[in-house]
Amino acid sequence: MMGAWLARLKNQKSPDTHATKPTKPPQGEEKAGFVGFVAYPPAPFAKIKLGDGAAIKPQATAANEAVQPDPAPATDPDRYCWPHSEAMNTAEIDAFMARLARFTDKGASYDEAERLADALVARDRQGDDRRLCLECAHLQGAGRWRCGNWRHADVGREALARDLVLMLQRCAGFAASVNPPLSEGRQP
């Protein structure tokens with residue numbers, strides 16, 4: 001589902017810059033009619049000379065800027081994403097999907113896993129160093145959890161409480177099992 005959306009975004013085409021076919025003058029009339037066509041300008045003009053030799057330097061207007069195709073979305077699908085807007089960039093989407101799979105594999109419902117993965121995107125953007133037990137490689141079980149590194153984590157050996165597993169916290173025994181957040185060296 002998410003992959004098809006990204007593929008369409010990466011294959012985005014720019015508008016056609018070729019002129020339209022000229023209109024045909026009216027047939028059977030003796031007067032010549034107007035023949036026109038529509039096209040994008042071939043390139044921005046540095047100077048336009050008037051008949052009296054004076055030069056005008058055109059200024060970019062909103063209409064001129066909209067006419068010229070922008071090649072950046074085809075080369076950079078993250079151009080309008082975080083940090084330029086609130087939309088997730090490609091690296092954040094990849095981390096989100098990996099977390100969603102991990103959390104559902106560990107027994108979280110899909111809605112709960114999605115809510116937690118979305119909260120972790122915000123956590124990564126803020127540079128928060130707290131983690132979920134669901135992100136840890138030492139978490140064992142699915143729904144009934146236990147910590148495989150319980151001595152370093154300073155938690156009980158058996159049956160971790162659900163609230164503890166789903167709570168952001170700092171843990172001395174943490175070892176990442178999912179892609180590291182952007183603040184730990186991954187570039188968007």
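**Close-up views of a predicted model**

A159 sits in the loop between α6 and α7. The views below come from a predicted model.

**View 1. A159 in the α6–α7 loop.** A159 has a positive phi of about 45°, although A159 is not a glycine. Its relative accessible area is 47%, so A159 is partly exposed.

**View 2. D154 in the loop between α6 and α7.** Here α6 covers residues 150-153 and α7 covers residues 162-165. D154 is not a glycine, yet its phi is positive, about 60°. Buried or exposed: what is D154? With 69% relative accessibility, D154 counts as exposed, because the cut-off for exposed is over 50%.

**View 3. Helix α5, residues 110-126.** The helix has 17 residues. At 1.5 Å a residue, α5 should span 24 Å. Which residues of α5 are buried? They are E112, A113, L116, A117, L120, V121, R123 and D124. The cover over these buried residues includes α4 (90-105) and α7. Just after α5 comes G127, with a positive phi of about 75°.

**View 4. The second largest pocket.** The pocket has a volume of about 190 Å³. How many residues line the second largest pocket? The lining holds 16 residues. Nearest the centre of the pocket lie C133, C147, A153, Q169 and C171. By class, the lining has eleven nonpolar residues, three polar and two charged.

Technical notes:
Residues numbered from 1 in each chain as written. Predicted model: local features only at pLDDT ≥ 70, side-chain atom pairs only at ≥ 80, totals over all residues. Heavy atoms only, no water. Helix = DSSP H or I, 4+ residues; strand = E, 2+ residues; numbered from the N terminus. Buried < 20%, exposed > 50% of the residue type's maximum accessible area, 1.4 Å probe, protein only. 1 Å grid on protein atoms, 1.4 Å probe; cavity = no way out; pocket = protein on both sides within 12 Å on 5 of 7 lines; lining within 4 Å. Points joined across faces, edges and corners; volume = space filled by probe spheres on them. Nonpolar A, V, L, I, M, F, W, Y, C, P; charged D, E, K, R; others polar. Expected span 1.5 Å × (residues − 1). Contact = heavy atoms within 4.5 Å.
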